[in-house]
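This report treats helix packing, salt bridges and selected backbone features of one protein model. The sequence and the structure are shown first.

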Amino acid sequence: MVHKVAVIGAGPSGLTSMKACLDEGMVPTCFESSDDLGGLWKFKEVSEPNRASIYRSLTINIWKEMMCYSDFPIPSDYPNYMHHSKILTYFRMYADHFKLLQHIRFQTLVKSVKQRPDFSRTGQWEVVTENRDGQEERHVFDAVICCTGHFNYPNLPLKDFPGIETFEGKYFHSWDYKGPEDMHGKRVVVIGIGNSGGDIAAEGSRVAEQVYLSTRSGAWIIRQVSDNGLPVDMFNTRFVHILFKLLPMRFLNWLGEKKLNSMYDHTMYGLKPKHRLFSQIPVINDDLPFRILSGSVLVKPNVKEIRGSTVVFDDGSAVENVDIIAFATGYNYDFPYLQSSVMYKSGHRLGLYKHVFPPNLEHPTLGIVGFIHSDGSIMPQAEMQARWITHVFKGHKKLPSNQAMIRAVENDTKDIEKNYIVSKLTPLQVDFVAYMDDLARDIGVQPSLPWLFFTDYPLYKRLMWGPVTSYQYRLKGPGKWDGARRAIFTQFDRMYQPLKTRKLDAQRACTAGHLMKLSLIAMATGAAVYYIHIRNPTTIPTLLSNLRPQTA
């Protein structure tokens, strides 16, 4: 029986893993190599090796109600999109509330995690740690949860940029970026158009002479401020999720791309990617399109070569007198403290059963939490993983055989490669709602919408047409929280609260009603389009082709 659990890392995944252990009556010991909790969200002026790093101005691109833990709402007066300092404060509040700090050993590095000689009988692990004085210590644990993330090891592919050794200016990875101070009056090339690349280009363009944003494949850009000024995350609803299951993906891509292009034409802005909208997570950036429109950011194709201070692009164009090159080229992942025998590879990714358990272990007493990539926030997903992994540790849920788990992992890999654009740097992607529901079903906490339709229709409406916030998974079953229903009913109040800085007499419209009306219109439209598509598959393509402007 699992009792003592090692948790590696005191970031958002480690914190919720400790709490999940305590909820199940287990005793966690968390080893954190730095001097504070927060992981990625602990800002430091100088990046530290093998640790995640953020920049001074970073604000999260997930709405606060969609990123918080399921039984600890973020304070109502906190901004809807929070600066990293607010997020760290929230984590401290969470740790204090659930008395987690006493279980953390700071400035303690985990050097190795190995199976004990009697592992086949006990399932136990030997964990070797090193404190700040360099002293090693050996521990025995019944189980281990790895929570060290996947933004620790910057990918700097200099070999892909011929002539970089001749570059006369300064170059760095986005991992080292803290602010635009060094860009004043400079000519800057940013390579990579992910969220970090977009942020660096937009922020740097305010002080630089000129910023050039180089992208190999382009990107779809969405805004955080959506229709009627609402957070865009609010439209991630169960109803929308159902539409994605019912309607053809080609139609959904067309509809979504049309919506984005109505804000700013991605072809005109030089942003249009090679992939369709829903085959890769889009870039979230409200500022970048304006910086492009104002000319302070110029979008360029991939870099072909570098000649001294001149950067040459694939289309033959060149920029001279470049002072700085910022590589926003992603991250490699690694778990250096784990034995290679634990790491099961599948395609580009680390193969984990339901993205948590290595499928090749004799005993399921080691799991990884937070190693996930989706269209939702990491915090609620890590929390659900932690609840599930501790559920398994306690014997409440039995995993399939190794062979069955390996087959499931390989099937997941095929599905991911079929539905998404993946690579060595972005090896996995899941659907947020489907993944959360899958784990919740195993735990016994997935909300039953048919049951609620007949027994609690007001709650049903908010679950169906409202945002899929994590409170939904505290309504019943193990870990039930009495405040979950109220948290769901008041989530829009917490959205409006930080905006009430100037008192007005005008009444605001009911957000839930507005979302419901939009959903009903979308449902009727989607049903009609789907019906026409099934009855006569050529009608819609013919109609769309007639709508396209004729070229001479």
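The model is predicted: local features need pLDDT of at least 70, side-chain atom pairs count only at pLDDT 80 or more, and totals for chains, interfaces and linings use all residues. Residues are numbered from 1 along each chain as its sequence is written, and side-chain values use heavy atoms, with hydrogens and water left out.

**Helix packing**

Two packed helices are described by the angle between their axes and the distance between the axes. Axes are lines fitted to C-alpha atoms, for helices over the stretch in contact, and angles run from 0 to 180 degrees between N-to-C directions. Helices (H or I, at least four residues) and strands (E, at least two) are DSSP runs, numbered from the N terminus.

Helix H9 (residues 378–393) and helix H11 (residues 432–443) cross at roughly 25 degrees, and their axes come within 9 Å. H9 is therefore roughly parallel to H11, where angles under 35 degrees count as roughly parallel, over 145 as roughly antiparallel, 65 to 115 as roughly perpendicular and the rest as oblique. The crossing of H9 and H11 is left-handed; a crossing is left-handed if the near helix is turned anticlockwise from the far one by less than a right angle, and right-handed if clockwise. On the H9 side, the residues in contact (heavy atoms within 4.5 Å) are Pro380, Gln381, Met384, Gln385, Arg387, Trp388 and His391, and they meet Phe432, Tyr435, Met436, Leu439, Ala440, Asp442 and Ile443 in H11. The contact of H9 with H11 has 9 nonpolar, 3 polar and 2 charged residues. In this classification Ala, Val, Leu, Ile, Met, Phe, Trp, Tyr, Cys and Pro count as nonpolar, Asp, Glu, Lys and Arg as charged, and the others, Gly among them, as polar.

H9 also packs against H1, at an angle of about 35 degrees and with the axes 8 Å apart. The crossing of H1 and H9 is right-handed. Here Pro12, Ser13, Thr16, Ser17, Ala20 and Cys21 in H1 meet Met379, Ala382, Glu383, Ala386, Arg387 and Thr390 in H9. By class, the contact of H1 with H9 holds 6 nonpolar, 4 polar and 2 charged residues.

The axes of H1 and H3 lie 11 Å apart, at an angle of about 15 degrees. H1 is thus roughly parallel to H3, and the crossing is left-handed. Pro12, Leu15, Thr16 and Lys19 in H1 are in contact with Phe91, Tyr94 and Ala95 in H3. This contact of H1 with H3 comprises 5 nonpolar residues, 1 polar and 1 charged.

**Salt bridges**

The structure holds 30 salt bridges, each a side-chain nitrogen of Lys or Arg within 4 Å of a carboxyl oxygen of Asp or Glu. Three of them are listed here.

| Pair | Distance, N to O |
|---|---|
| Lys19 and Asp23 | 2.6 Å |
| Arg92 and Asp36 | 2.7 Å |
| Arg121 and Asp118 | 3.3 Å |

Lys19 and Asp23 are separated by about one helical turn, because they stand 4 residues apart in helix H1 (residues 12–23). Lys19 is buried, with a relative accessible area of 5%; buried means under 20% relative accessible area, exposed over 50%, and partly exposed in between (1.4 Å probe, protein chains only).

Arg92 belongs to helix H3 (residues 84–97) and Asp36 to the loop between strand E2 (27–31) and helix H2 (64–67), so their bridge ties together parts that are 56 residues apart in sequence. Arg92 is partly exposed at 31%, whereas Asp36 is buried at 12%.

Arg121 is exposed, with a relative accessible area of 65%, and Asp118 is partly exposed at 22%.

**Individual residues**

Val128 lies in strand E5 (residues 125–131) and is buried, with a relative accessible area of 6%. Apart from neighbours within four places in sequence, Val128 contacts Leu109, Val110, Lys111, Ser112, Glu136, Glu137 and Arg138.

Gln107, a residue other than glycine, has a positive phi near 50 degrees. Gln107 is in the loop between strand E3 (104–105) and strand E4 (108–115) and is partly exposed at 29% relative accessibility.

Lys354, also other than glycine, has a positive phi near 55 degrees. Lys354 is placed in the loop between strand E21 (349–350) and strand E22 (366–368) and is buried at 13% relative accessibility.
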